[in-house]
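Please keep the sequence and the 3D view open as you read.

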Amino acid sequence: MLFNTHSHVDTNRKFESDRDEVVARAREMGVSRMMVIGFNREAIDVSVAFAERHDWVWAAVGIHPTDALQWNDEVASALRRAALNPKVRAIGEVGLDYYWKDEAPFDVQRDVFRQQIRLARETKLPLSIHDRDAHDDVVRILEEERADEVGGIMHCFAGDWTIAERCLALGFCLGVGGTVTYKNNPVGQDVVRRMPLDRLVLETDDPYLSPMPFRGKRNEPGYVKFVAEFVAQLRGISFEEVAQATFDNANRVLGIE
Ligand SMILES: [Zn+2]
Ligand SMILES: [Zn+2]
């Protein structure tokens with residue numbers, strides 16, 4: 001019984017030839033609930049339709065920071081419309097990406113991020129946050145825009161313990177995925193060891209960031225199982241305890257019964 005809170009299996013080209021098998025395999029590996037991410041104008045419709053086709057799948061909708069130049073009135077109203085769909089349970093992934101420097105200017109990213117936090121508060125939906133190399137600005141903007149009113153998930157959390165504490169103070173859960181299993185990630189492992197278990201949610205962010213022993217290969221939603229196993233080992237608790245806690249946390253933060 002695993003809840004994978006961040007998958008791109010519905011839209012990513014790497015699943016073009018075997019999407020149905022990958023989804024079936026995820027079910028076999030214990031994924032009983034999942035959230036897919038409509039991360040730009042085109043993906044929004046695909047993700048919502050995918051969630052509508054599968055009773056165990058929900059969707060987030062938002063404009064990813066690297067697609068921030070797509071932002072306009074039509075996109076904003078498409079998001080507002082999608083937010084009314086009962087299968088849509090978060091605004092995301094939204095945030096800042098200072099790694100991909102040629103996609104969208106950082107000031108545009110910050111503006112689009114602020115507008116989508118306001119949309120989340122307006123629609124009373126939690127946020128799924130993407131933060132790449134932008135921890136300080138992401139947390140500062142979340143604080144300034146009162147994101148604590150809705151909370152959400154810091155997807156693929158990559159900050160240190162100081163950043164983690166600020167996100168936890170805002171009421172956010174930390175999304176833990178494949179990167180925690182990497183040998184060269186003692187900071188991420190430290191956070192996962194110290195954080196309260198009732199704020200931890202699991203994800204894959206497939207097809208990217210495969211957990212060990214699949215690092216470098218295509219990730220898939222079922223591999224969340226390996227992330228759960230690693231977290232259990234790291235915290236010295238059972239796999240079942242991790243699965244149950246993270247399943248409950250995801251349902252709570254996303255408002256799923
Ligand atoms: Zn992301
Ligand atoms: Zn993602």
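Helix α4 passes helix α5 in a right-handed crossing, where right-handed means that the near helix is turned clockwise from the far one by less than a right angle, and left-handed means anticlockwise. This is a predicted model, in which local features need pLDDT of at least 70 and side-chain atom pairs count only at pLDDT 80 or more, while totals for chains, interfaces and linings use all residues. Residues are numbered from 1 along each chain as its sequence is written, and chains are lettered from A and ligands numbered from 1 in the order in which they are written.

Helices here are DSSP runs (H or I, at least four residues), as are strands (E, at least two), numbered from the N terminus. Two packed helices are described by the angle between their axes and the distance between the axes. For α4 (residues 106–123) and α5 (residues 135–144), the angle is about 35 degrees and the axes are 10 Å apart. Axes are lines fitted to C-alpha atoms, for helices over the stretch in contact, and angles run from 0 to 180 degrees between N-to-C directions.

Which residues meet in this pair? From α4 come R110, F113, R114 and I117, and from α5 come D137, I141 and L142; contact means C-beta atoms, placed from the backbone, within 7 Å.

Now turn to α2 (residues 41–53) and α3 (residues 73–82), whose axes come within 10 Å and cross at roughly 15 degrees. The two helices are therefore roughly parallel to each other (angles under 35 degrees). Their crossing is left-handed. Here R41, I44 and V48 of α2 meet V75, A78, L79 and A82 of α3.

Stay with α2 for a moment: which of its residues are buried? They are A43, I44, S47, V48, F50 and A51, with buried meaning 20 or more other C-beta atoms within 10 Å of the residue's own, exposed 12 or fewer, and partly exposed in between. Seen down the axis of α2, these buried residues fall within an arc of 160 degrees, so they line one face of the helix. They pack against β2 (31–38), β3 (57–61), α3 and β4 (88–97). On the face turned away from that buried side, α2 carries the exposed residues E42 and R53.

Finally, look back at α4, where you will find D111. With 13 C-beta neighbours inside 10 Å, D111 counts as partly exposed.

Terms used:
Contact = placed C-beta atoms within 7 Å. Parallel < 35°, antiparallel > 145°, perpendicular 65-115°, else oblique. Arc of directions from axis to C-beta.
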